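Please read the following points with the sequence and the model open beside them.

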Amino acid sequence: MSREEKESKSQSQQRKMVRTYLDDLPQGDEALLRADALKSRKERKLLPDGCSSNTLYRDIMRIAWPSLVELFLASLASMVDMIMVGNINEEFFHVISDHAIGAVNLAAQPKFIFVSLIIALNTGITAAVARARGAGDHEKANNTLRQGLVFSFLVCVFGSVVGFVFARPLVSFMANGGLSQATMDMGVTYLQIQMLGFLTMGISSTFTAALRGTGNSRLPMIYNIGANVFNVIGNYLLINGHFGFPAWGVAGASLATVVGQGIATVWAIMACRTGKYYFTIHPSDFFKGFKLDMEIIRRIIKVGTPALGEQLIMRVGIILFTRQVTSLGDIPYTTHQICMNIQSMTFMMGQALAVSSTTLVGQSLGKRRPDMAEHYSRRCSNLGVVIGVIMGLFFAFFGKYVVALYSDTPEVIAASIPIMIILGINQPIQTPQFVLSGSLRGAGDTRSTAIITFVGVLLLRPIVAKFTIAALGVIGAWLAISADQIGRTIVVRYIYGRGKWKKIAL
């Protein structure tokens, strides 16, 4: 090992960088890029000398497993959150527990409109940091996080004010005249508290996006687990009131979530203050301000603007779809939302593999190794298919028992059985779709992912739902979701197969 390699390894260990096979490869050049462009489909499948599929799978799982644990526990916390809301003291609060579940999910859709702004920003941050990390430019990666925090602060302050002030009209719009006044009132309270804590959510998610761009998914796992643990404890103390704490019902559940996010934010800032985790962000920087770097801002905007379009398309499509379901009434809507919450748990493996794919593709292209970007993304997709089949079988056969954890209402459980079968069938379709979309985002091709989302969520899902919901009720809504997943999978495989994403410059 040369002196330069020893110094590089020492620096990576000091900064707790996640090393992969990619770090040991030489930087690509123009000759390699030309050779890669001329390869046949068969030649593109050949690995570099000394590399094996097992090595690449280990790299993928080294990044994916902390994200998987984090996402699983976040989904589990969300599930527990809803279950605990579903066990609200009906006599004390004079509400029906199923209506409380509906209220929480009713408020979630308007909230995600504002969350979309942060997701778009963070997509640009992850891609830019990954490129800088692949190119070995530590200072540029650090400055990217700084610029991202400035944007995140401004977006969150704007979102907090607008979301809080317009909470009631937003919730009323979502209810679409199909839900009770009690459900809407609880939804307004839940949303207003969420928007008051929107800033902490935005800051912590920006740290998470930047850390994942370096390949470090372990630290976000740790502080997000801490946030979720506090959320569950806070729910227990504040929903029905225990150990002398007040019983605040749905408002208590919302407050517990906000405080948990605040804990994650402080944890992330303190962990990244010394450079131990690659970045060096001092708490005092938040008071002194950050110097704008227009080159980095341009990179973030280049990736983030189409990502924002994708997120807005997603939100508009889901809002239109949700309004169609809410018109069915409280029980069908509650059934739908319970199944949607369970579905969000099935996303976790696809999202974890997408984190790996985004990171490794971005770093590979930053190192000018498009061949490695393709090798990593294909293997992430292969894992997604296998895991999708396993999850699909579980939910198709045992889904109704999971639903029973949320609600003991016979009508809800009966209506959920065919929905869980549909959800199971969707798994092998949606999981690899998440992975390939993550690959495109890692390359900075957020324009294509916006097109994919437009086709599925804004066209197929609402249009199909218009006919299937009228004929089959809430089951028809899930047939529309299937049409959406199939459509998006077809389009993402076509765009990925063209290979233009490997040539995008940031």
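1. Cys272 is buried, its relative accessible area being 0%, and Cys51 is likewise buried, at 11%; buried stands for under 20% relative accessible area, taken with a 1.4 Å probe on protein chains only. The number of disulfides comes to 0, where a disulfide is a pair of cysteine sulfur atoms within 2.5 Å.

2. The model is a predicted one, in which local features need pLDDT of at least 70 and side-chain atom pairs count only at pLDDT 80 or more, while totals for chains, interfaces and linings use all residues. Residues are numbered from 1 along each chain as its sequence is written, and side-chain values use heavy atoms, with hydrogens and water left out.

3. Ser254 lies in helix 12, which spans residues 250-271 (helices are DSSP runs of H or I, at least four residues, numbered from the N terminus). Ser254 counts as buried because its relative accessibility is 0%. Leaving aside residues up to four places away in sequence, Ser254 touches Tyr190, Ile193 and Gln194, a contact being heavy atoms within 4.5 Å.

4. Helix 15 (residues 330-366) packs on helix 16 (residues 370-406) at an angle of about 170°, with the axes 9 Å apart; axes are lines fitted to C-alpha atoms over the stretch in contact, and angles run from 0 to 180 degrees between N-to-C directions.

5. Helix 16 and helix 17 (residues 410-442) have axes that come within 8 Å and cross at roughly 170°, so helix 16 is roughly antiparallel to helix 17.

Technical notes:
Helix = DSSP H or I, 4+ residues; strand = E, 2+ residues; numbered from the N terminus. Buried < 20%, exposed > 50% of the residue type's maximum accessible area, 1.4 Å probe, protein only. Parallel < 35°, antiparallel > 145°, perpendicular 65-115°, else oblique.
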